[in-house]
Amino acid sequence: MAYHAGQVVRLARAFRVLVRAGLWSALFALLAAGAALPKAMGEETEPAAAEAPAAVADNAVPAADVQRIPILLAREIREDRLPPLSLLDIPPPDDGVAGAKLAIADNNTTGKFLNQEFSLDIVQSAKADELVAEVKRRVDEGLAFIVVDAAAPTILAIADAIKDREAVVFNASAPDENLREEDCRVNVKHTAPSRYMLTDALAQYLAWKQWRRWFLVVGPAPEDTAFADALKRAASRFGHKIVEERAFAYDPGSRRSDGGFEQIQQQIPGFTQKVPDYQVAVVSDEGDLFGDYFPYRTWDARPVVGTAGLYATSWHPAVELWGGTQFQNRFKRLAGRNMRPLDYNVWMAVRSVGEAATRKKTNDPKELIPYLQSPEFELAAFKGQKLTYRSWNGQLRQPILLVTAKIHVTLSPQPGFLHQFTELDTLGVDKPETKCKAFPK
Amino acid sequence: MNKKTLALAQVAAISVFMLGAPSAHAYRVFVSNEKENTISVIDSEKLEVIHTIKTGNRPRGIIMANEGKWVIVCASDDNTMQVFDAKTYEYVKDLPSGPDPELPILHTSGNPLYVSNEDDNLVTVVDIFKGTVLLDVPVGVEPEGMGISPDGKVLVNTSETTNMAHFIDTSTLKTTENVLVDNRPRVAQFTPDGKQVWVSAEIGGSVSIIDVATHKVSNKIKFEIAGITADAIQPMGVRITKDGKKAFVALGPANRVAVIDTATQKVEKYLLVGQRVWNLGFTPDEKLLFTTNGTSNDVSVIDVENLKVVKSIKVGRYPWGVVSAPF
């Protein structure tokens, strides 16, 4: 292919635009055909601008026999969710979707060298049965890789609807333990950490700090009870004592009214009065309905951890460790916002498919799905070590961050919590304890 | 000073004399400190820091250029490279790069320079004398390691998230081959005969040896250290002696440098160094090997002939790269 200078610079600009937009297929078409820029590029086809850097060499692979790998993101729109306490925590409309787009772009950068092309399709619905039916329809048409952002029952319904097919579901959202344990499915992988992983990560750090006397505050939602149960298990595993447990009854009322803090300032100190001597208040409020009211308002001057204050998560937008800076920057350029844990969990799922396709050099799910579960599979995901799927329940092993709203405080597993195979298995249910029977031993 | 300490001091002096070369072979060792925005300058004979150069933000990859007169360092967070005078330590000029330059390497003829830009999936080709960008070469996601063949004809760049070694023809600046290696490849180093490229993979925990003629991975070296989990063995810096006989591989949070016999491609020895050992640099006479130890804020000095760690020297925060030149 030969270009004159103006074309090359414009091509460089088009390249960047396409990369930003994740439009790799358009890029292939553009480079492979050696065509002039499409009219759809609009203002980007204007004559070369001064800031345009040096030309980009042409390294495209001829578009012969491209292996296509479509990935579906299935989203359950959950209208029953209340808005979070802080305006800062309101989920963006593309929560998770942007993570998928970045992973598709990352997969395709590798794919262009191997003649593999990844694409993303999104289906979403507030009706679980519609979502399940649509996923099933697409799997019947040959789709093999489904990333799901949904509640636990919907994930199970999807898994069961496609159980006899050559397809795999990635759970990127639900922390529920039963999905990995008694209700586990052999065709489901979990990139979202489980509640036990999150609470074990927290309990290890509190053990390292020697903050062993906990005051447990539990919200009214079923998830709050589930998280509290996980906290209690972690407390007994790592030698903590829950000196008192109190249920926080909460009536949300109008959450966006002017004022309201005056009453909270009265309410929280009263609620936290006369607790036996404790070192740390542990709040269980997964729905983010009241937990953030606790820091700086407790009767005694105590740090708050759990789902508010210091909390455990798979990702945080301030993480710069292990090359995280470039990863965060790439995401921000693509999405125009910070990366959230759901984005990260979805990214890991889509990248898992990409990594498997790269290594096996095929788009055949019959080869890729078993490979994901094999000991040879490993995912690099900006956590300082390789991540692998647990052979007994399909859960992705991963270090867990402990963070405040602004920055990470530490990363678990903590030093000194040892394991005979991998220290990552000190977080969550380990092989000898699992109730999952669906996976071959 | 009592007799005993005097005797000890003499022993120490003798051993320093034996290990350090005569003054004709003293070198300046430049260590970039990623979180301190400085370069520590070490005298390789005294084995102490003799000067600290202020740099731009987040100095990482560091090389000598212009016949040893210049030190070039990537100021990653300033999206530029900086040139310092190797003798006076004065700032000379900036060189252009792409966003987040990480690792530069010179063509064997001394110019141009190739730099990986971690944030832009590009390798930038820069004329160091004119200070201009000649071309951007698209590579994989998060370009990182840079190696050049002894004849200067082939450039190898690794991409951390694409997990490939990209072979680039330096005359056409086109990628000729893309070789898949293990996860998160970091450093690419040609053997002196130009027949192999050794590529470390931080997350994969291996060093892939790529046969240059066939572009196939001929062997993967794995590491096993008693009492250290496989997760903590994260190969990073790779250096091979000029005679091609020994390779040294930094193993990150395993806090060890592996010594490999290149003939058998087996690990001979593990040398205990500082924490999260990152990059390696020989003195020009290859008597000493310096290691940057990221989290213990020091460099370890390895006596190459005797394969012993002889000293650790405190430098700045998060030492990253290391290079040396004669006084």
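Reader: To begin with, what does the secondary structure of chain B come to?

Author: The model is a predicted one. In it, chain B has one helix and 28 strands.

Reader: And what is the radius of gyration of chain B?

Author: For chain B the value is 19 Å, close to the 20 Å that the globule rule gives for 327 residues, so chain B is as compact as a globular protein of that length. Along the principal axes, its C-alpha atoms fill a box of roughly 70 × 45 × 30 Å.

Reader: Turning to chain A, which domains does the domain assignment give?

Author: The assignment lists domain 1 (1–64), domain 2 (67–193 + 316–398) and domain 3 (196–313).

Reader: How many residues of domain 2 of chain A are in contact with domain 3 of chain A?

Author: Twelve residues of domain 2 are in contact with eleven residues of domain 3. On the domain 2 side, these divide into seven nonpolar, two polar and three charged. The C-alpha centres of the two domains lie 30 Å apart.

Reader: Now the helices: at what angle do α4(A) and α5(A) pack?

Author: Helix α4 (residues 128–140) and helix α5 (residues 152–161) of chain A pack at about 30°, and their axes are 9 Å apart. Angles under 35 degrees count as roughly parallel, which is why α4(A) is described as roughly parallel to α5(A). Their crossing is right-handed.

Reader: Which residues meet there?

Author: From α4(A), A:A128, A:L131, A:V132, A:V135 and A:K136 meet A:T154, A:A157, A:I158 and A:A161 of α5(A). The residues of this contact divide into seven nonpolar, one polar and one charged.

Note on methods:
Residues are numbered from 1 along each chain as its sequence is written. Chains are lettered from A and ligands numbered from 1 in the order in which they are written. This is a predicted model: local features need pLDDT of at least 70, side-chain atom pairs count only at pLDDT 80 or more; totals for chains, interfaces and linings use all residues. Axes are lines fitted to C-alpha atoms, for helices over the stretch in contact, and angles run from 0 to 180 degrees between N-to-C directions. Helices (H or I, at least four residues) and strands (E, at least two) are DSSP runs, numbered from the N terminus. Angles under 35 degrees count as roughly parallel, over 145 as roughly antiparallel, 65 to 115 as roughly perpendicular and the rest as oblique. A crossing is left-handed if the near helix is turned anticlockwise from the far one by less than a right angle, and right-handed if clockwise. Two residues are in contact if their C-beta atoms, placed from the backbone, lie within 7 Å. Ala, Val, Leu, Ile, Met, Phe, Trp, Tyr, Cys and Pro count as nonpolar, Asp, Glu, Lys and Arg as charged, and the others, Gly among them, as polar. Domain bounds come from an automatic or database domain assignment. The radius of gyration is taken over C-alpha atoms; the globule rule is 2.2 Å times the number of residues to the power 0.38.
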